[in-house]
Amino acid sequence: MRLLHLALAPGQRVPEHRHPGCRVVVQGLEGSVTACLDGEPFALKPRSLIAFGGERLVLLANESAAPSAALVTLAEVR
């Protein structure tokens, strides 16, 4: 399992990518993070989360004017 603390400045984004072979959980920690799964946007506020299979195409972005942060958990599926 890997845990990533992702801090995003206003307007910053992580390009679309996949995590094959993993189960992914993204939890909002600070501000607002937009998680796009296969092009469908989900707004993550502090204490909200989204879980999905790593075969899905994901993009994470801070579309607000304030800093944001999320905790990304990658759990290998066996």
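Analyst: The protein chain exposes about 4600 Å², and carbon and sulfur atoms supply 57% of this area. Accessible areas come from the Shrake-Rupley method with a 1.4 Å probe, and for residues only the protein chains shown count as cover. The model is a predicted one, in which local features need pLDDT of at least 70 and side-chain atom pairs count only at pLDDT 80 or more, while totals for chains, interfaces and linings use all residues. Residues are numbered from 1 along each chain as its sequence is written, and side-chain values use heavy atoms, with hydrogens and water left out.

The surface belongs to a chain with 8 strands and 0 helices. Both kinds of element are DSSP runs numbered from the N terminus: a helix is a run of H or I with at least four residues, and a strand is a run of E with at least two. From the N terminus on, the order is therefore β-β-β-β-β-β-β-β. Along the principal axes, the C-alpha atoms fill a box of roughly 40 × 20 × 15 Å. The radius of gyration of the protein chain is 12 Å, which agrees with the value near 12 Å that a compact globule of 78 residues would have. This radius is taken over C-alpha atoms, and the globule rule is 2.2 Å times the number of residues to the power 0.38.

How much of the chain is buried? Buried residues make up 36% of the 78 residues. A residue is called buried when its relative accessible area is under 20%, exposed when it is over 50%, and partly exposed in between (1.4 Å probe, protein chains only).

His 5, found in β1, is exposed because its relative accessible area is 57%.

His 5 touches Leu 29, Ala 69 and Ala 70. Leu 6 touches Val 14, Leu 60, Ser 68, Ala 69, Ala 70 and Val 72. Leu 8 touches Val 14, Val 33, Leu 60, Ala 61, Asn 62, Pro 67 and Ser 68. In the chain as a whole, among contacts with a separation of 6 or more, 73% are between residues 24 or more positions apart.

The charged side chains come next. The chain has 8 positive and 7 negative side chains, and the centres of the two sets lie 5 Å apart. Lys and Arg count as positive and Asp and Glu as negative, whereas His and the chain ends are not counted. Each charge is placed at NZ of Lys, CZ of Arg, CG of Asp or CD of Glu.

How many salt bridges does a search of the whole structure find? It finds 2 salt bridges, a salt bridge being a side-chain nitrogen of Lys or Arg within 4 Å of a carboxyl oxygen of Asp or Glu. Glu 63 and Arg 13 form one of them, at 3.9 Å from N to O. This pair links distant parts of the chain, 50 residues apart: Glu 63 is in the loop between β7 (58-61) and β8 (68-76), and Arg 13 is in strand β2 (residues 13-17). Glu 63 counts as exposed, at 56% relative accessibility, and Arg 13 as partly exposed, at 47%.

Arg 56 and Asp 38 also meet in a salt bridge, at 2.9 Å from N to O. Arg 56 lies in the loop between β6 and β7 and Asp 38 in the loop between β4 and β5, so the pair ties together parts that are 18 residues apart in sequence. Arg 56 is partly exposed, at 27% relative accessibility, and Asp 38 is partly exposed at 49%.

Arg 47 counts as exposed because its relative accessibility is 73%.

Terms used: Contact = heavy atoms within 4.5 Å. Lists of a residue's contacts leave out its neighbours within four places in sequence.
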